[in-house]
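Have the viewer open and follow along.

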Amino acid sequence: MTIASDDPRVAAAAAPPPSAPPAPATAARRRRSRLTRNRWGYAYVAPFFVLFAAFSLYPFLYTAYISLHEVRLSDIDGAVFVGFGNYTELLQNEFFWNAARNTLTIGILSTVPQLAIALGLAHLLNYRLRGRTFFRVAMLMPYATSIAAATLVFAQLFGHDYGLINTLLEAVGFDRIDWESGTWTSQIAISVIVTWRWTGYNALIYLAAMQAIPNDLYEAATLDGASRWQQFLHVTVPALKPTILFTIVVSTIGAVQLFGEPLLFSGNGMTSGGVSNQYQTLGLLMYDQGWTNFRLGQAAATAWTMFLIILVVVGIAGLIARRRARAER
Amino acid sequence: MTTLTSAPEQAVPAPASASAPRRRGRRARKVTSAGPLTHVLLGLTALLSVFPLYWTAVAASKTNAELAGTPPPFLPDADLFTNIGRAMEEAPIGLAIVNSVIVAGCITVGTVLCSTLAGFAFAKLRFRGNKALLGLVVGTMMVPTQLAIIPLFILIAQLQWVDHLQAVVLPTLVSAFGVFFMRQFLSQALPDELLEAARMDGASTLRTFWSVVVPVARPAMAVLAMLTFLTAWNDFFWPIIALTTENPTVQVALAGLGGGYVPDTAVIMAGTLVGTLPVLVVFVVLGKQIVGGIMQGAVKG
């Protein structure tokens, strides 16, 4: 969340010409009190919060309510209160643990390479470069491609008999791989789709943060005889830590919700995530429970469990950030 | 969550007063020129980024047998247009593109408007509970989509909105990111003196918003509009629940096309190509601005 106004060009373009001479102190105080009691604030935030209440807050709470009931999609009014029954059932359900495991492994397989490559790319993009706009735009093309389109194309590329990747593997002497049916191979393929779509985007986020690192740090490092690699390791990476933590959190939130890629990768629109559920994620399981098996209570419990997982991850990141902030002080 | 949002701000100290040329001069000294290896690596990455999109066009014009040949084909041929025609018959892609333009357009206008209003209030107006409300907005960013879709589905089923575009537009108008984005921009770009001057001139609050706030906010509104349109065009999860292939957006049509009832890969690829092309064209035209917008501060949809 590096901020729009951090860019001096935008700030300069947007800032109006200097206004009248500074107001006297009394005027400033009056102004502050006037702003403090501005009831118009509610009117300005009202459109957002009306929509928010109707389409976010109410659904969140209603999902919590549903998660404590046995509800069928066909008979929504016939809800039966079951307490935490859906949650305990979920924790005893092997499909839940399978999906949780898959979500974790696909999450690691996609997030780690994605962010590592993005960091390296940002470093390269930070050199004075001919055609830098071209490189940046080209790298962001995957981000502009939808999940559906990307997954359909990659499902073709990873195809067993006609896929380009297997053709190339065969050309260099390997056997064709049945990417879709294996556990690891299918999860790697799905991770490749995620990595392809997000690496360039994260590289730009890192690049923006790198451009804000003060030059003095590099000059001092050069005087100390640090090589470029050492500068990257000991100047760039430490300075980017808050940004790296932030991208880890955002990627993790995305990884927990992973849905479209495993849904469309199978090529038959099934919600099972492969014949032996080898790439069924939590997002897909939740959809399966609600819209294939029509068990809304189960699906709602899964949704809330996903939210709790995200809360734990964000909480850990928050603790790390706070401890580092304290250490620096 | 507050730690999250403040962390990147620390990472990028705002050089608000530095003028553009001075900054560039400073960067020129710092940044070393790239060697040939850097160009090669970046060129390779650019190739990997663009190749799957190009391959869509190749795969859309070949039969499976042709695709598996050695060496594999690397140029599309005239069958591309035949297969696009077949894809348009198999899935209502023309309708889907029109629907996606309507949906993403409405979402963009609504989101930018709501976000600018609320962002202005959070940046410049102090009212009781503003901090708590802003905290609520920021906290919403980590709530998964899954948490809302069951009640939303029940709601649109009761309103008989399934397959109607408003079922996709209205819930998607809620953009916590947009509010936060506009707030961050306006709290720095809009001086208090300007608001005070407008008040002295006797401008009403609404008048002040249109004649003072909106002109200042325009660059950020443009960035937010581009990012929102892209996200709305590509949105997948809620649209495939709220709509069917009877009245789809592009993503719903593509999901239907890839969902098994078309056995011919070339036709699926042709549909993918047609559905992706509009947004890629926009992206090539506005790519530089979108890159700038993301570097100024974007967050995953």
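Q: What share of the 301 residues of chain B count as buried?
A: First, a word on the setting: this is a predicted model, where local features need pLDDT of at least 70 and side-chain atom pairs count only at pLDDT 80 or more, while totals for chains, interfaces and linings use all residues. Residues are numbered from 1 along each chain as its sequence is written, and chains are lettered from A and ligands numbered from 1 in the order in which they are written. Now, a residue is buried if 20 or more other C-beta atoms, placed from the backbone, lie within 10 Å of its own, exposed if 12 or fewer, and partly exposed in between. In chain B, 48% of the 301 residues pass as buried. For chain A, the share is 46% of 329 residues.

Q: Which residues is Phe180(B) in contact with, leaving aside its neighbours within four places in sequence?
A: A contact means that the C-beta atoms of two residues, placed from the backbone, lie within 7 Å. On that basis Phe180(B) touches Val137(B) and Val138(B), once neighbours within four places in sequence are set aside. Thr116(B) is worth a look too: 64 residues separate Thr116(B) from Phe180(B) in sequence, yet their C-alpha atoms are 9.5 Å apart. For chain B as a whole, take the contacts with a separation of 6 or more: 76% of them join residues 24 or more positions apart.

Q: How many helices and strands are there in chain B?
A: Helices (H or I, at least four residues) and strands (E, at least two) are DSSP runs, numbered from the N terminus. Chain B has 15 helices and zero strands, while chain A has 14 helices and two strands.

Q: Where does UniProt place the feature "transmembrane region" in chain B?
A: Such annotations may be inferred rather than shown by experiment. The unreviewed entry lists several spans, among them residues 165–182 and 209–233 of chain B. Residues 165–182 of chain B are 78% helix and 0% strand, with end C-alpha atoms 27 Å apart. Residues 209–233 of chain B are 100% helix, and their end C-alpha atoms lie 29 Å apart.

Q: At what angle do helices H3 and H14 of chain A pack?
A: Axes are lines fitted to C-alpha atoms, for helices over the stretch in contact, and angles run from 0 to 180 degrees between N-to-C directions. Here H3 (residues 40–67) and H14 (residues 296–328) of chain A pack at about 120 degrees, with axes 7 Å apart. That makes H3(A) oblique to H14(A); the rule is that under 35 degrees is roughly parallel, over 145 roughly antiparallel, 65 to 115 roughly perpendicular and the rest oblique. Among the residues making the contact are Thr63(A) and Ala64(A) of H3(A), and Gly297(A) and Trp304(A) of H14(A).

Q: Which way is the crossing of H3(A) and H14(A), left-handed or right-handed?
A: A crossing is left-handed if the near helix is turned anticlockwise from the far one by less than a right angle, and right-handed if clockwise. H3(A) and H14(A) cross in the left-handed sense, whereas H7(A) passes H9(A) in a right-handed crossing.
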